[in-house]
Amino acid sequence: MPSLSAVNEQSTDLEIFLAIQSQHLKALDVLYDRYGKLVYSTAVQILNNVEEAEEVTQETFLSLWQRSEIYQPKRGSLSGFLITMTRSRSIDRLRSRKSSQEKLQRFQTFSDYVLPHHNPPLEFVTVQERINLVHKALKQLSPDDRQLLETAYYEGLSQSKIAKRDGIPLGTVKSRVRQALKKLRTALNHLV
């Protein structure tokens, strides 16, 4: 068997896989050259979407690279494993897509039922006014408090992640968020 660093186009799938387990990047290149088109075409065939197929192809190879223990050579061929993983990921995306479409459809049906005679331009003005009022209220906060709330709500970080990232005690983050929200509530009380 050739050394792992000498993996090339003539290497067997097992040799390539062993080199991937040892994190030799060249082995991943060789594997991708060998099976990339097969994986991609399988994903395109299932998803009927080029962008999603590209993402699934990348995810498939990256997953094998990051967690090579998921493939067990004794259970089947490497190409078969890659196709199975591609198929599974593609079907998961189809299910997710279908679920998202169903949620959107339910929301649209609900909106049509609840708001059958709404006035979009007037609704837009009202929403825009509220946005402006919230921005104005945020400007009344100290820069630190405003940054803290924006990090929590716009970046979606939890208070513990903010504390860890910024090197602030968790209790301090929690009390500052609570105080900042109280100030916002007071400033926006007339909207509620």
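A residue is called buried when its relative accessible area is under 20%, and exposed when that area is over 50%. The model described here is predicted.

**Helix H1 and its flanks**

Helix H1 covers residues 13-21, and its buried residues are Asp13, Glu15, Ile16, Phe17, Ala19 and Ile20. An α-helix has 3.6 residues a turn, so residues three or four places apart point the same way. After H1 comes Gln23, which has a positive phi, near 60 degrees.

The segment before H1 contains Gln10. Is Gln10 buried or exposed? Gln10 has a relative accessible area of 66%, and because the exposed class begins over 50%, Gln10 is exposed.

**Nonpolar cores**

The largest nonpolar core has 19 residues. Within this core, the residues with the most contacts are Ile16, Ile20, Leu31, Phe61, Leu64, Leu78 and Leu82.

| Helix | Residues |
|---|---|
| H1 | 13-21 |

Leaving aside residues up to four places away in sequence, Phe61 touches Leu28, Leu31, Tyr32, Tyr35, Gly36, Val39 and Leu82. There is also a second, separate core; this one has 13 residues, among them Leu148, Ile162, Val173 and Leu184.

Technical notes:
Residues are numbered from 1 along each chain as its sequence is written. This is a predicted model: local features need pLDDT of at least 70, side-chain atom pairs count only at pLDDT 80 or more; totals for chains, interfaces and linings use all residues. Side-chain values use heavy atoms; hydrogens and water are left out. Buried means under 20% relative accessible area, exposed over 50%, partly exposed in between (1.4 Å probe, protein chains only). Helices (H or I, at least four residues) and strands (E, at least two) are DSSP runs, numbered from the N terminus. A nonpolar core is a set of buried Ala, Val, Leu, Ile, Met, Phe, Trp, Tyr and Cys residues joined through side-chain atoms within 4.5 Å. Contact means heavy atoms within 4.5 Å.
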